[in-house]
Amino acid sequence: MDRRQRWQRSLKRDALAIEAAYAALQAGSDDPEALHTLRVAVRGLRAALAPFSAHPDIASVRAGLGALAHDTNALRDDEVIRALLATLPGGGTLLAMLAPPADEHTLTSVLAAHRAATDGLHRRILLAVDALDQVQLETASRQATRRARRKLHGTLTQLTPATPAHEWHAARLQVKKARYLHDGQALWLGKRWQRFGPQCKPAQEALGHLHDLDVLHQRYGNRFDPALETAWQQARRKGLAAADAAVWTLCRTLND
């Protein structure tokens, strides 16, 4: 089996994982991470196809999956923010006062609206990529990952503890994109950059935690009591320090 065939097999496996996660949610899965599982699978498959978006059939598949990811953002954000609030001293009291999370009907409606994005996904993807040869796959993958690393390095080197929260958030999105892009293209990359996706994970997680803290305060900060505000401020300082350290480590990896 050549690399092109291995890549196609990987795409099929990832597409089937999305179909399975989607079906589990539709069936009313009681797994608290079921929505997250679906979103991670969607993100990974879109990244694997990203360098080839100039092809209309591939662009169409990515657009459908992107719309599904977008429309589940708010549902997942609500899960994450509530879980984070519960970890802060005094957060449980505020959590009990908040309106209940979106009911299952909301998720069901979102899934129903995007059924076309997952129905027969593995077959549509294999048809969409069938015309790509190995040279095209390797060339596009290496060019896309190289551009992503250059852009990421430029962004990360500008960050300081005084950088506004929205710029830290923009950096988080770039790290996440670079991570999944490199994971998706690893088969076509040299050994050094095959490892780059996993090397992005600590920075993505640290930046993600910092962003979650900021979103929590944006949503509910006006309802924090003094003790909860103090706890949040302490968590924010620790989160910023962790994010700054993780970004520095990732920059060093890019410079090596």
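Start with helix 2, residues 34–49, and helix 10, residues 165–185. They pack at an angle of about 70°, and their axes are 8 Å apart. That makes helix 2 roughly perpendicular to helix 10. The cut-offs: under 35 degrees is roughly parallel, over 145 roughly antiparallel, 65 to 115 roughly perpendicular, and the rest oblique. Axes here are lines fitted to C-alpha atoms, for helices over the stretch in contact, and angles run from 0 to 180 degrees between N-to-C directions. Helices are DSSP runs of H or I, at least four residues, numbered from the N terminus.

The crossing of helix 2 and helix 10 is right-handed. Right-handed means the near helix is turned clockwise from the far one by less than a right angle; left-handed means anticlockwise. Who makes the contact? From helix 2, Val40, Arg43, Gly44, Ala47, Ala48 and Leu49; from helix 10, Lys176, Tyr180, Leu181, Gly184 and Gln185. Contact means heavy atoms within 4.5 Å. By class, that is six nonpolar, three polar and two charged residues. Ala, Val, Leu, Ile, Met, Phe, Trp, Tyr, Cys and Pro count as nonpolar, Asp, Glu, Lys and Arg as charged, and the others, Gly among them, as polar.

A word on provenance: this is a predicted model, where local features need pLDDT of at least 70, side-chain atom pairs need 80 or more, and totals for chains, interfaces and linings use all residues. Residues are numbered from 1 along each chain as its sequence is written, and side-chain values use heavy atoms, leaving out hydrogens and water.

Next, helix 1, residues 3–26, against helix 2. The angle is about 155°, with the axes 9 Å apart. That makes helix 1 roughly antiparallel to helix 2. The crossing is left-handed. Helix 1 brings residues including Trp7, Leu11, Ile18 and Tyr22; those it meets in helix 2 include Leu35, Leu38, Val42 and Leu45. The contact has 15 nonpolar residues, one polar and one charged.

Now helix 3, residues 56–71. Its axis comes within 10 Å of that of helix 2, and the two cross at roughly 155°. Helix 2 and helix 3 are therefore roughly antiparallel. This crossing is left-handed. On the helix 2 side, Leu38, Arg39, Val42, Leu45, Arg46 and Leu49 take part. Among their partners in helix 3 are Ile58, Val61, Arg62 and Leu65. The classes here: nine nonpolar, one polar, three charged.

Ser141 sits in helix 9. Is Ser141 buried or exposed? At 0% relative accessibility, Ser141 counts as buried. Buried is under 20% relative accessible area, exposed over 50%, partly exposed in between, with a 1.4 Å probe and protein chains only. The side chain of Ser141 reaches the backbone oxygen of Leu137 at 2.8 Å. A polar contact of 2.8 Å also joins the side chains of Ser141 and Gln185. Polar contact means N or O atoms within 3.5 Å; within protein, one must be able to donate a hydrogen and the other to accept it, and residues adjacent in sequence count only if both atoms are side-chain atoms. Gln185 also belongs to the helix 2 contact of helix 10. Beyond four places in sequence, Ser141 touches Pro51, Phe52, Gln185, Trp188 and Leu189.

Last, Thr163, in the loop between helix 9 and helix 10. Thr163 is buried, at 10% relative accessibility. A polar atom of its side chain lies 2.8 Å from the backbone nitrogen of Thr160.
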